[in-house]
Amino acid sequence: MEYPTFNQEYEILRQLGEGDTSKVYLCRHIQYPNVHVALKILKRTFLERDENSIRSVEQEIQVLYGLDHSNIIKMHGYGTEGVIKKPSGTVITKIVYIILEYVPGGLFFDLCQTAGGMGEQGGRYFMEQLKDVLVYLSAKRVAHRDLKLENIMVDDNLQLKIADFGFATYKKIDKLKSYRGTKTYMPPEIKEYKTYDGLKADMFSVGVILFIIVQGIFPFSEAKPDEYFYKLLIDGELETYWQKTGAQSLSAEFKDLISKMLSYDPAKRPTVEELVNHPWMKTPLDYKKARELINDALNDDKYDSITT
Ligand code: ADP
């Protein structure tokens, strides 16, 4: 079978996915066929929408260029003059693209949906990795601003890879003003158009993510002071909050960490150092057991569809 080629360097094997801004393809290096990459092709409709679109692509490239971490998708290249040659002979030019590390696996969102609540061990397992990312980003002074299950990929070895740095920034990250993020993961200060600290905003979003990993549901529909569940947290009605979210049996350390990460006041959220040293992060983690547990939760699904 003949495949389309990209820049005469790669064969485009198949589409991996599609987002608002781009289509992503699996590519194989022509000279080194063991090398696979993900080719992210920006949609023209998106690039032509307004100036902000182009700026967000440039921002993503600039930020990714400076990052090198095993839990963050690596960027191998980018350009605005990409050329696709189809087997029919058709040639498409001037493609705006980013070449990324290929993650064999899928979206963390799908894993969480299939597994359902993975409990505190599942939470500890993935939080070890998310914590490393927060420590790394804070050292690099980068705020992601759109951390959510849909922007995290997970490979076949249960290793998380943070993706989609389109909203990320490394400029004056403690005094940000732009309204960025996704409703359900966004901290109140961004919703209220306040000047905010990007690292504290990411800490909040990771709090939402951790809650979902452990409980299999969102902690609230959005962080508004008048939202029923979030109001309970803000008002310190923690007993009622944990009861209403079906989480009474979770450990006191976990509840303490979550209620701090989801604080209305960003100053009350843990710094990355405080997160690293929080008692829940120090509770023992049996990697092997946690992986078994997660894999069991994933496989359970197979039996759900069996009826007798
Ligand atoms: P957008 O920025 O347009 O929202 P995404 O970066 O979210 O696009 O990518 C769209 C989809 O492509 C993802 O949901 C995922 O399924 C797939 N994808 C993106 N990057 C990779 C990658 N590095 N490896 C494998 N699949 C990827």
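Visitor: What separates the centres of domain 1 and domain 2, taken over C-alpha atoms?

Guide: The distance is 29 Å. This is a predicted model, in which local features need pLDDT of at least 70 and side-chain atom pairs count only at pLDDT 80 or more, while totals for chains, interfaces and linings use all residues. Residues are numbered from 1 along each chain as its sequence is written.

Visitor: Where do the two domains lie in the chain?

Guide: Domain bounds come from an automatic or database domain assignment. Here the assignment gives domain 1 as 5-101 and domain 2 as 108-299.

Visitor: How many residues of domain 1 are in contact with domain 2?

Guide: Two residues are in contact if their C-beta atoms, placed from the backbone, lie within 7 Å. In this model 12 residues of domain 1 are in contact with 16 residues of domain 2. On the domain 1 side, the touching residues are 5 nonpolar, 6 polar and 1 charged. In these classes Ala, Val, Leu, Ile, Met, Phe, Trp, Tyr, Cys and Pro count as nonpolar, Asp, Glu, Lys and Arg as charged, and the others, Gly among them, as polar.

Visitor: Which residues come nearest to the ligand?

Guide: A residue is near a molecule if its C-beta atom, placed from the backbone, lies within 6 Å of it. Of the 18 residues around the ligand, Gly17, Gly19, Thr21, Val24 and Ala38 come nearest. Two or more residues of the shell come from each of β2 (10-18), β3 (22-29) and β6 (91-101). The largest share, 3 residues, is that of β2. By class the shell has 9 nonpolar, 5 polar and 4 charged residues.

Visitor: Why does the ligand lie between the domains?

Guide: Both domain 1 and domain 2 give residues to the shell around the ligand, so the ligand lies between them.

Visitor: In what order do the strands close into a barrel?

Guide: Strands (E, at least two residues) and helices (H or I, at least four) are DSSP runs, numbered from the N terminus. Two strands pair if DSSP finds at least two bridges between them. The barrel has 6 strands in the order β1-β2-β3-β4-β6-β5, with antiparallel pairing. β1 (residues 5-6) is joined to β2 by 2 bridges, and phenylalanine 6 has tyrosine 10 in β2 as its bridge partner. β4 (residues 36-42) pairs with β6 over 5 bridges, where isoleucine 41 is partnered by tyrosine 97. Between β5 (residues 75-85) and β6 there are 7 bridges, and isoleucine 84 stands opposite isoleucine 92. The hairpin of β5 and β6 has 5 residues between the strands, and glycine 89 there takes a positive phi near 105 degrees.

Visitor: Is threonine 80 buried or exposed?

Guide: A residue is buried if 20 or more other C-beta atoms lie within 10 Å of its own, exposed if 12 or fewer, and partly exposed in between, with C-beta atoms placed from the backbone. Threonine 80, in strand β5, has 12 other C-beta atoms within 10 Å, so it is exposed. Leaving aside neighbours within four places in sequence, threonine 80 is in contact with Lys94 and Val96. The C-alpha atoms of threonine 80 and lysine 94 are separated by 5.8 Å, although these residues are 14 residues apart along the chain.

Visitor: Which residues of helix α3 are buried?

Guide: In α3 (residues 108-115) they are Phe108, Leu111, Cys112 and Ala115. Seen down the axis of α3, these buried residues fall within an arc of 95 degrees, so they line one face of the helix. The arc is that of the directions from the helix axis to the C-beta atoms. Just after α3, glycine 116 takes a positive phi of about 70 degrees.
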